Amino acid sequence: MSLDLDALRALPKVTLHDHLDGGLRPATVIELAAEAGHELPTTDPDALGDWFFEAADSGSLVRYLETFDHTIACMQSADHLRRVAREFVEDQAADGVVYAEARWAPTQHLAGGLSVTQAVEAVRDGLAEGMASCAARGHRIVVQQLVTSMRHGSPRPDVARLAVDYRGDSVAGFDIAGAEDGFPPSLHAESFAYLRRNNVPFTIHAGEAFGVASIWEAVQLCGASRIGHGVRLVEDIARTPDGHQLGDLAAFIRDRRIPLELCPSSNVQTGICDAVSDHPFGLLAELRFRVTVNCDNRLMSRTTLSRELQLLSEAFGYGLEDVRWFTLNAAKSAFYPYDRRRSLIEDVIKPGFARQGA
Ligand SMILES: [Zn+2]
């Protein structure tokens with residue numbers, strides 16, 4: 001029997017891989033698009049929610065990414081960015097999330113005349129408003145930004161500089177995202193070198209649309225602390241008559257406890273597998289990789305972290321103890337100072353799970 005959605009919502013959860021521009025409420029998209037003069041496929045909130053899900057469900061990462069043209073068009077002013085960031089926090093809190101990292105690409109939000117620093121500050125202020133309004137209602141949540149550089153187009157070392165300049169001021173780290181095939185992580189080597197020199201952690205989308213070579217570059221050439229998706233690491237794991245044989249890269253990633261930011265529904269939509277029950281999550285968890293559960297894009301996948309956990313529970317029979325392990329994995333992997341991470345784990349997550357019987 002799978003875990004109950006309400007029970008999962010009550011657990012203190014952590015999400016590391018959630019795009020700010022992939023988590024808008026359909027009603028907010030409609031309102032902001034009207035203000036921005038941007039035309040949408042429909043202006044009925046339910047129909048628009050369905051449209052995003054279906055367009056993202058085509059099985060192609062490229063088609064999936066096209067849905068962002070609409071959300072990004074609604075996030076071109078400081079007011080709009082602030083509102084989307086505030087609602088990001090409120091929606092995560094409503095799902096029981098206690099710590100989240102919101103990733104987004106500041107350079108995609110300059111069409112209305114904002115500078116990259118104004119954009120980062122608008123998101124910072126929106127996250128702060130959301131945290132304050134949640135705290136006032138008794139739900140403590142911490143949300144930080146990851147600034148993202150898009151991998152197609154020319155590399156933007158200025159985005160990496162933002163991660164250094166706003167370190168500890170809402171920005172927790174850096175990421176690269178977007179079309180993976182043909183755009184290897186090493187194209188951004190200058191950004192990664194700059195971040196390493198300045199002791200700023202980063203994650204890299206790798207092993208989603210492209211395979212093991214992309215993950216290898218992200219970890220070994222670029223120095224990523226976490227892997228965004230990394231799901232195709234299973235291609236470096238062979239089934240043998242008496243178990244599984246890990247290739248050198250898979251063994252390195254497991255031995256070094258490099259976190260995998262796995263996003264089951266998103267991967268089903270982009271065609272990595274046919275159903276969550278076929279998702280490599282089951283094998284990677286069984287082999288004790290540092291697996292974490294994430295939504296990627298709540299709007300496009302019509303999901304929440306609780307829903308992703310429920311789907312995994314249905315697919316693989318996970319119980320509360322397993323969800324507790326995934327959550328601790330995510331908390332340990334957060335780009336958040338060690339003392340605060342410890343306090344999150346000892347004072348919030350462990351007692352919260354204990355109250356629910358885990
Ligand atoms: Zn992603």
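Reader: Why is arginine 302 called partly exposed?
Author: In this predicted model, arginine 302 has a relative accessible area of 46%. Buried means under 20%, and exposed means over 50%. The value of 46% lies in between, so arginine 302 counts as partly exposed.

Reader: What makes the phi of arginine 302 worth a remark?
Author: Arginine 302 has a positive phi of about 50°, although it is not a glycine. Most residues other than glycine have a negative phi. Arginine 302 sits in the loop between α14 and α15.

Reader: How do you know whether leucine 195 is buried?
Author: Its relative accessibility is 0%. Buried requires under 20%, so leucine 195 qualifies. Leucine 195 is part of helix α9, residues 189-197.

Reader: What is leucine 195 in contact with, leaving aside its neighbours within four places in sequence?
Author: Ala160, Ala163, Val164, Phe174, Val200 and Phe202. Contact here means heavy atoms within 4.5 Å. Phe174 turns up again in the largest nonpolar core: of its 105 residues, Phe174 and Phe289 touch the most other members. Helix α7, residues 116-136, supplies the largest share of this core, 7 residues.

Reader: Which residues are in contact with phenylalanine 289, leaving aside its neighbours within four places in sequence?
Author: They include Leu233, Ile237, Leu246, Ala250, Ile253, Leu260, Leu284 and Trp325. Arg254, Arg257 and Asn329 are on the list too.

Reader: What makes the site of the zinc ion irregular?
Author: Its angles. The 4 donor atoms make angles of 85 to 171°. Tetrahedral needs all angles between 85 and 135 degrees.

Reader: How do you know which residues are the protein donors of the zinc ion?
Author: By distance. The cut-off for a donor is within 2.8 Å of the metal. His17 (NE2), His19 (NE2), His205 (NE2) and Asp296 (OD) lie 2.1 to 2.2 Å from the zinc ion. In sequence, the donor residues are spaced H-x1-H-x185-H-x90-D. Histidine 205, in strand β5 (residues 203-206), and aspartate 296, in the loop between β10 (291-293) and α14 (298-301), are 91 residues apart, and the pair links distant parts of the chain. Histidine 205 and aspartate 296 are both buried.

Reader: What is the reach of helix α15 from its first C-alpha to its last?
Author: Helix α15, residues 305-316, reaches 16 Å with its 12 residues. That is close to the 16 Å expected at 1.5 Å a residue. Its buried residues include Leu305, Leu309, Leu311 and Leu312. Glycine 317 comes after α15, and its phi is positive, near 75°.

Note on methods:
Residues are numbered from 1 along each chain as its sequence is written. This is a predicted model: local features need pLDDT of at least 70, side-chain atom pairs count only at pLDDT 80 or more; totals for chains, interfaces and linings use all residues. Side-chain values use heavy atoms; hydrogens and water are left out. Donors are N, O and S atoms within 2.8 Å of the metal (3.2 Å for Na, K and Ca); water is not among the atoms, so sites may look incomplete. Four donors count as tetrahedral if all angles lie between 85 and 135 degrees; four count as square planar and six as octahedral if opposite donors are over 155 degrees apart and all others between 65 and 115; anything else is irregular. Helices (H or I, at least four residues) and strands (E, at least two) are DSSP runs, numbered from the N terminus. Buried means under 20% relative accessible area, exposed over 50%, partly exposed in between (1.4 Å probe, protein chains only). A nonpolar core is a set of buried Ala, Val, Leu, Ile, Met, Phe, Trp, Tyr and Cys residues joined through side-chain atoms within 4.5 Å. The expected span of a helix is 1.5 Å times one less than its number of residues.
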